[in-house]
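Here is a short briefing to read alongside the model. Please keep the viewer open as you go.

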Amino acid sequence: MRNEVQLITYVDRFGGQTLTELQELLAGPLLGAFGGVHLLPFFYKIDGADAGFDPIDHTRVDDRLGDWSDIRKLSSNIAVMADVIVNHMSSESPQFLDYSQKGSASEYNGLFLTMEAVFPEGATEKDLLAVYRPRPGMPFTVTTLANGERRLLWTTFTPQQIDIDVQTPAGQAYLESILQKLSQSGVTMVRLDAVGYAIKKAGTNCFMMPETFEFIKAFAQRGRELGLEVLVEIHSYYKRQMEIAQQVDWVYDFALPPLVLHALEFGRSGPLMNWIAQRPNNAVTVLDTHDGIGIIDIGADATDRVNNPGLVPPQELDELVERIHRNSQGQSRQATGAAASNLDLYQVNCTFFDALGRNGSAYLVARAIQFFVPGIPQVYYVGLLAGENDMDLLAQSKVGRDINRHYYSREEVLADMNKPVVQRLIDLMRFRNSHLAFGGSFTSAAPAPHLLTLSWRHQAAYARLEVDLLTKSGRILASAVSGGPEWVFELK
């Protein structure tokens with residue numbers, strides 16, 4: 001993976017409806033801003049129960065976006081990442097429809113996980129209450145198949161997303177077919193979605209167990225054999241991420257977004273510096289994604305809060321959430337928690353720009369911190385445009401995460417690129433992509449509790465970020481790319 005900023009985007013929500021239109025933006029007005037693009041689910045179909053994360057056919061590009069030749073064309077100019085939705089598939093998939101018609105006689109019998117498969121002797125109340133799920137209720141759906149059979153299917157997320165039994169030959173063959181198709185089509189990196197829930201075992205919480213780590217390790221090895229780097233997506237206690245990082249190519253640094261917000265809101269760098277000192281460097285850094293801002297990622301371990309504290313005290317974590325709500329004029333509160341049919345109760349739904357009260361200087365400081373922390377930075381398409389909460393889409397869909405999933409027309413994209421804060425951000429991304437210092441060594445310092453300095457040096461090339469968290473301001477001092485005087489970039 002190139003050591004350059006990547007874009008995270010839906011194909012049909014960022015300046016057009018097709019892969020061709022997206023490629024035109026990346027090769028035109030955004031030339032040099034991105035070295036890679038994470039295409040959020042573009043499989044058939046993109047508008048199911050969970051915005052494409054419930055694929056009907058994971059090996060087919062949705063016809064409205066293009067086809068596999070368009071993916072290959074895009075990958076010839078820029079690195080392409082795609083999702084492998086490991087845990088589940090749509091209840092409308094051909095496989096599930098066949099299973100529904102034929103039941104145990106179906107060739108896909110064994111592909112879909114039932115409660116009985118995990119608890120063949122039945123389950124006690126204690127067994128069921130131990131199962132971890134990121135939303136209220138039990139992870140099962142009572143289903144009457146088309147042939148009349150009744151099954152208790154495992155559905156971690158929604159009733160339309162049927163969990164796969166990844167340990168059966170049918171489940172393994174299904175996942176192998178996806179990896180093969182992506183590898184053949186120019187994709188060079190895959191993101192394992194919801195992989196923390198992939199293995200279920202009686203007597204456990206069915207989340208990030210030793211068996212899950214073994215599955216991730218084997219899956220990552222198979223990906224490498226096919227020329228695919230693997231990024232693991234898991235929201236959990238921060239030490240889990242550190243463990244996972246030792247077994248895969250890349251992990252998300254999901255602790256970074258709330259810690260950056262904490263540093264800017266509380267005016268001190270301590271928790272952020274503590275994380276920088278121990279975090280894995282094989283990380284993809286983000287401030288925003290298609291999901292909400294994670295809270296669980298810096299909180300205490302829910303299974304043992306006393307012996308496994310979080311990166312910030314619980315009262316400050318609660319206050320941080322309240323400050324996001326205040327900064328967004330209460331809009332995030334309408335999209336978070338029990339409001340708006342939320343699936344993930346441990347995330348705050350809000351654009352990152354609104355989480356900072358639409359403070360352009362603070363926003364650029366946050367992005368600069370992200371770009372200077374070791375790892376590969378990804379910028380979400382709404383964040384690229386310093387996007388504001390889409391209250392109209394939220395009101396229409398009543399889905400909390402839609403507050404940060406605006407549909408941009410091409411005209412909107414081009415207009416928003418003229419906003420001063422966006423122009424400065426794009427300049428900052430091009431600097432991050434091209435400056436030689438970022439190929440060298442990293443150091444960090446906190447000259448005072450409210451000050452933060454992040455530095456890179458490679459031979460004579462250097463780049464240094466200086467931040468005052470109290471004033472939410474900063475600047476970058478760097479060696480000129482081709483000699484000459486020191487380059488200064490004010491974050492305002």
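This is a predicted model: local features need pLDDT of at least 70, side-chain atom pairs count only at pLDDT 80 or more; totals for chains, interfaces and linings use all residues.

Residues are numbered from 1 along each chain as its sequence is written, and side-chain values use heavy atoms, with hydrogens and water left out.

**Overall fold**
- The protein chain holds 18 helices and 21 strands (DSSP runs numbered from the N terminus: helices are H or I with at least four residues, strands are E with at least two).
- The C-alpha trace of the protein chain spans about 75 × 55 × 45 Å along its principal axes.

**The sheet and its helices**
- An open, antiparallel sheet is formed by five strands in the order β17-β18-β19-β20-β21 (two strands pair if DSSP finds at least two bridges between them).
- At the edges are β17 (441–445) and β21 (487–490), each pairing on one side only.
- Neighbouring strands of this sheet are turned by 15 degrees against each other on average, direction ignored (axes are lines fitted to C-alpha atoms, for helices over the stretch in contact, and angles run from 0 to 180 degrees between N-to-C directions).
- Strands β19 (residues 461–468) and β20 (residues 473–478) run antiparallel and are joined by six bridges; Leu465 has Ile476 in β20 as its bridge partner.
- Helix α10 (residues 270–278) packs on the sheet, touching β17 and β18 (451–458), and its direction makes about 150 degrees with that of β17 (contact means heavy atoms within 4.5 Å).
- Helix α14 (residues 360–372) also packs on the sheet, where it touches β17, β18, β19 and β20; its direction makes about 140 degrees with that of β19.

**Cavities**
- There are six cavities of 30 Å³ or more (a cavity is a set of points on a 1 Å grid over the protein atoms alone where a 1.4 Å probe fits but cannot get out, and lining residues have an atom within 4 Å of a point).
- The largest cavity has a volume of about 250 Å³ (the space filled by probe spheres set on the points, with grid points joined across faces, edges and corners).
- Of the 21 residues lining the largest cavity, Phe157, Asp193, Ala194, Glu233 and Asp291 lie nearest its centre.
- The second largest cavity has a volume of about 50 Å³, and its lining includes His235, Phe254, Pro257 and Asp288.

Key: On a 1 Å grid over the protein atoms alone, a cavity is a set of points where a 1.4 Å probe fits but cannot get out, and a pocket is an open set with protein on both sides within 12 Å along at least five of seven lines; lining residues have an atom within 4 Å of a point.
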